[in-house]
Amino acid sequence: GLRLDSQGYIIANEKMETNFEGVYAAGDARAKYLRQVVTAAADGAIAAYAAEKYIIEEEGFQDSVLKEAGPVAVLFWSPLAPKSLELMPVIDPVFASCQGWAKLVKTDTYRSRRLAQRYGITENPSLVFFKQGRPVAKLVKDAISEDAIRQTLSKLHCN
């Protein structure tokens, strides 16, 4: 169930996220140090912003990855990881040569931490291949190469 403290208040992080994905708590219902109208209003603004970001991110991921019938590779990357930047010129041409039968979606792990956690991303870059909305293969860091991507795409194209 929803995590509560010993006083019965909802436990939420600084983004007002509860232990249920997509559920937020704000104001005096939340476990916090100070209870005032001003802090409750601030909590509400934070929760509204975080909920909007969650909905946009989820809808975008649904539309661009999970609802696609064909193969989609999601590159989980970070501009702070040199290997991520090094691989961009290698990865983009591979997917350009697919002529639309396979798609590449890039996701910054800093901005989309929830998605990265959902798919077990612990290293940047990681390339997760989806087919019909399900993750079916994963390449991580030094295992990501033009040949490895082409081999994985070939297996997905034949299945």
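Predicted model: local features only at pLDDT ≥ 70, side-chain atom pairs only at ≥ 80, totals over all residues.
Reader: Fine. Why is L4 called partly exposed?

Author: L4 has a relative accessible area of 47%. Buried means under 20% and exposed means over 50%, with partly exposed in between, so at 47% L4 is partly exposed.

Reader: And what makes the nonpolar surface patch that includes L4?

Author: The patch is made by L2, L4, F20 and V23, and covers about 320 Å². Patch residues need over 30% relative accessible area, and L4 has 47%.

Reader: Let's go to D43. Where is it, and why does D43 count as buried?

Author: D43 is found in helix α1. Its relative accessibility is 6%; the cut-off for buried is under 20%, so D43 counts as buried.

Reader: Which residues does D43 touch?

Author: Leaving out residues up to four places away in sequence, D43 touches M16, A26, G27, R30 and K32.

Reader: Now L153. How do you know that L153 is buried?

Author: Same test: under 20% is buried, and L153 comes in at 4%, so L153 counts as buried. L153 belongs to helix α4.

Reader: What does L153 touch, beyond residues up to four places away in sequence?

Author: V94, F95, C98, W101, A102 and F129.

Reader: What makes up the largest nonpolar core?

Author: That core has 19 residues, and those with the most contacts inside it are I91, F95, L127, F129, I149 and L153. At least two core residues come from each of β1 (72–77), α2 (82–96), β3 (126–131) and α4 (146–158). α2 gives the most, with five residues.

Reader: Which partners does I149 have, again skipping residues up to four places away?

Author: I149 touches I91, V94, F95, L127, F129, L139 and I144. There's also a second, separate core of twelve residues, including V65, V72, F76 and V105.

Reader: Last one. How do you know that β3 and β4 pair?

Author: Pairing takes at least two bridges, and six join β3 to β4 (residues 134–140), so the two strands pair; they run antiparallel. S126 stands opposite V140 in β4. The strands form a hairpin with two residues between them, and Q132 in the turn has a positive phi of about 50 degrees.

Terms used: Residues numbered from 1 in each chain as written. Heavy atoms only, no water. Core = buried A, V, L, I, M, F, W, Y, C linked by side-chain atoms within 4.5 Å. Buried < 20%, exposed > 50% of the residue type's maximum accessible area, 1.4 Å probe, protein only. Helix = DSSP H or I, 4+ residues; strand = E, 2+ residues; numbered from the N terminus. Contact = heavy atoms within 4.5 Å. Patch = residues over 30% accessible without salt bridge, like charges linked within 9 Å, V, L, I, M, F, W, Y side chains within 5 Å. Areas by Shrake-Rupley, 256 points an atom, 1.4 Å probe, with all protein chains shown as cover. Salt bridge = Lys/Arg side-chain N within 4 Å of Asp/Glu carboxyl O.
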